[in-house]
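Let's take a look at a protein model together. Have the sequence and the 3D view ready, and follow along.

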Amino acid sequence: QVLDYLRRNLKGDLFATIISVIEPHDYSKEISGLSFDIQWCLKTVFSNRSALVPRSLEEAVVEYAQDNNHLEVLKQLDRPLSSTCFMENLEDKLQKHVEVMGSEDTIDVIIKESPKNYTYIKRVVVTPTRLIYFPEVLVQKSRLLRKFAEHDFVIVSFRDENLAKLVESNLINSMKWFITNGVELCGQIYRFLACSGSQLREHKAIFANTETDDDICNMRNQIIDSPQSFNSIAKYMAGIGLYLTADVPLFDVPHHSVIKVQDAKAKNGVLPTDGAGKIKLSLYKKFGDPCMDTSAIQFRFGGSKGMLVPVQDDDREFLSTNSMLMLRPSMTKFVNSHKIDDSLCLVNEAKYIPLTLNREVINLLTSIDIHNKVSQVEHYLIRLQDEALKKTLTRLTSQNQAKIALKKHMPGLLVENVARNFD
């Protein structure tokens with residue numbers, strides 16, 4: 001496997017090259033007395049790479065970390081080492097970093113500060129035989145991250161040795177141990193807390209650093225205080241997963257300002273109002289940007305999710321109450337027995353998206369206008385399509401049009417360099 005990897009990624013003939021494969025050294029004992037962040041940074045350097053470097057350079061990095069507390073300087077080491085493919089002159093690049101760290105000159109570094117409603121979170125990949133540490137990444141906060149801001153979290157991904165999704169049942173079973181017992185990272189135990197729907201599809205989950213499993217249960221109970229009301233574990237975890245959606249807190253809405261209205265049901269049993277609620281326009285205007293020019297928003301509120309559409313304050317379903325929000329049973333995934341969270345959170349807002357005009361769209365639009373209320377609509381749509389085809393063909397005859405098309409898929413400088421070789 002090593003030979004195949006090198007042949008794919010290195011230039012030249014390797015068939016006559018003698019290659020010795022050595023086991024990477026585990027520096028856990030040497031760095032155990034350092035701070036958690038320093039340990040994580042060093043493990044990122046030593047585990048998240050595709051080629052081993054000389055042991056002397058590794059020892060120089062560890063020695064520097066033991067003598068200095070320059071976390072931000074050490075973080076720079078993951079740049080030359082965390083590439084997913086073999087890098088030329090890798091040893092020289094690392095040697096330059098070590099020389100800079102060992103110099104007596106003052107080292108200026110930029111401290112990363114997270115923007116508002118964003119935070120840095122660490123990542124680790126668990127395979128059947130190893131742990132691969134990754135640098136922290138900037139993520140948008142969710143209700144869970146805001147609610148438990150004092151806790152340390154890590155995103156754990158489960159992969160096979162090729163870093164692909166687990167598909168074999170025996171490998172999947174081997175990961176159950178980590179879900180049950182947690183994973184030890186830099187001397188601290190992180191336990192499984194929850195996962196969203198998208199994380200579940202990607203074989204990822206959120207783990208929290210807690211003393212016991214009871215602490216995890218207490219955290220979950222602060223989100224859903226009556227887990228016994230769920231008839232399956234899957235639905236319970238899906239409810240917890242609502243708090244993992246990246247969102248923006250708008251303001252608090254007291255629960256007594258929310259009314260519940262039954263869904264409208266069609267004759268065939270379909271719910272036209274599935275997941276769609278209402279919000280008074282006077283409250284909607286308080287959102288300000290980015291919602292002022294949108295017709296609906298995607299939201300999270302307690303155990304409810306879906307879309308909210310602004311309506312006039314004198315809407316008939318609001319006339320007899322002083323409520324500000326109208327929710328439907330199809331929007332409510334769980335209900336807490338007492339007030340836990342009153343925050344109305346914005347996930348996304350309605351927006352225009354590009355639409356490609358093709359024969360299917362033309363047929364759809366013309367079939368809607370069955371009474372020909374719009375004259376010549378079909379001829380108009382076909383003319384738009386023909387104009388778009390002519391514009392596309394100009395990419396083959398006009399260099400400027402070709403550059404515009406290519407720059408949508410390639411860096412502009414690369415396009416200019418390629419263009420010099422053509423008339």
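What share of the contacts in the protein chain with a separation of 6 or more comes from residues 24 or more positions apart? Such residues account for 67% of them, where a contact means heavy atoms within 4.5 Å. Keep in mind that this is a predicted model, in which local features need pLDDT of at least 70, side-chain atom pairs count only at pLDDT 80 or more, and totals for chains, interfaces and linings use all residues. Residues are numbered from 1 along each chain as its sequence is written, and side-chain values use heavy atoms, with hydrogens and water left out.

**The chain as a whole**

- The protein chain has 17 helices and 13 strands; helices (H or I, at least four residues) and strands (E, at least two) are DSSP runs, numbered from the N terminus.
- Of its 423 residues, 38% count as buried. Buried means under 20% relative accessible area, exposed means over 50%, and partly exposed is in between (1.4 Å probe, protein chains only).

- The mean pLDDT of the protein chain is 79, and 77% of the residues reach 70 or more; pLDDT is the predictor's confidence in each residue, from 0 to 100.
- Over residues 80-88 the pLDDT is below 50, and this stretch has 26 contacts in the model beyond near neighbours in sequence.
- Residues 104-110 also have pLDDT below 50, with 7 contacts beyond near neighbours in sequence.
- Where pLDDT is low, the predicted coordinates should not be read in detail.

**The six-stranded sheet**

- Here's one to trace by eye: an open sheet of 6 strands, in the order β2-β1-β3-β6-β5-β4, with mixed pairing. Two strands pair if DSSP finds at least two bridges between them.
- β2 (131-140) and β4 (183-185) stand at the edges with a single partner strand each, so one side of each is left without a neighbour in the sheet.
- From one strand to the next, the twist averages 40 degrees. For angles, axes are lines fitted to C-alpha atoms (for helices, over the stretch in contact), and values run from 0 to 180 degrees between N-to-C directions.
- β3 (residues 153-158) and β6 (residues 204-209) are antiparallel, paired over 5 bridges. S157 has K204 in β6 as its bridge partner.
- Helix α9 (residues 169-181) packs on the sheet, touching β1 (118-126), β3, β4, β5 (188-194) and β6, and its direction makes about 165 degrees with that of β3.
- Helix α11 (residues 213-221) packs on the sheet too, touching β3, β5 and β6, and its direction makes about 35 degrees with that of β5.

**Around β5**

- β5 is mostly covered, with 5 of its 7 residues buried.
- β4 and β5 run antiparallel and are joined by 3 bridges; V183 has Y190 in β5 as its bridge partner.
- The hairpin of β4 and β5 has 2 residues between the strands, and C186 there takes a positive phi near 55 degrees.
- β5 and β6 run antiparallel as well, joined by 4 bridges. F192 is partnered by F207 in β6.

**Zooming in on A205**

- Is A205 buried or exposed? This residue is in strand β6, and A205 is buried, with a relative accessible area of 2%.
- A205 touches V154, I155, V156, F192, A194, C195 and Q199, not counting residues up to four places away in sequence.
- A205 and V154 are 51 residues apart in sequence and 8.5 Å apart in space, C-alpha to C-alpha.

**Helix α15**

- The 17 residues of α15 (residues 377-393) should span 24 Å at 1.5 Å a residue, and the end C-alpha atoms are 25 Å apart, which agrees. The expected span is 1.5 Å times one less than the number of residues.
- V377, L381 and Q385 are buried in α15. They cover an arc of only 75 degrees around the axis, which puts them on the same side of α15; the arc is that of the directions from the helix axis to the C-beta atoms.
- An α-helix has 3.6 residues a turn, so residues three or four places apart point the same way.
- The face of α15 turned away from its buried side carries the exposed residues H379, K390 and L393.

**Two loop residues with positive phi**

- N117 is not a glycine, yet its phi is positive, near 65 degrees. N117 lies in the loop between α7 (90-102) and β1, and N117 is buried at 14% relative accessible area.
- L163, in the loop between β3 and α9, has a positive phi of about 60 degrees although it is not a glycine. L163 counts as partly exposed, at 41% relative accessibility.
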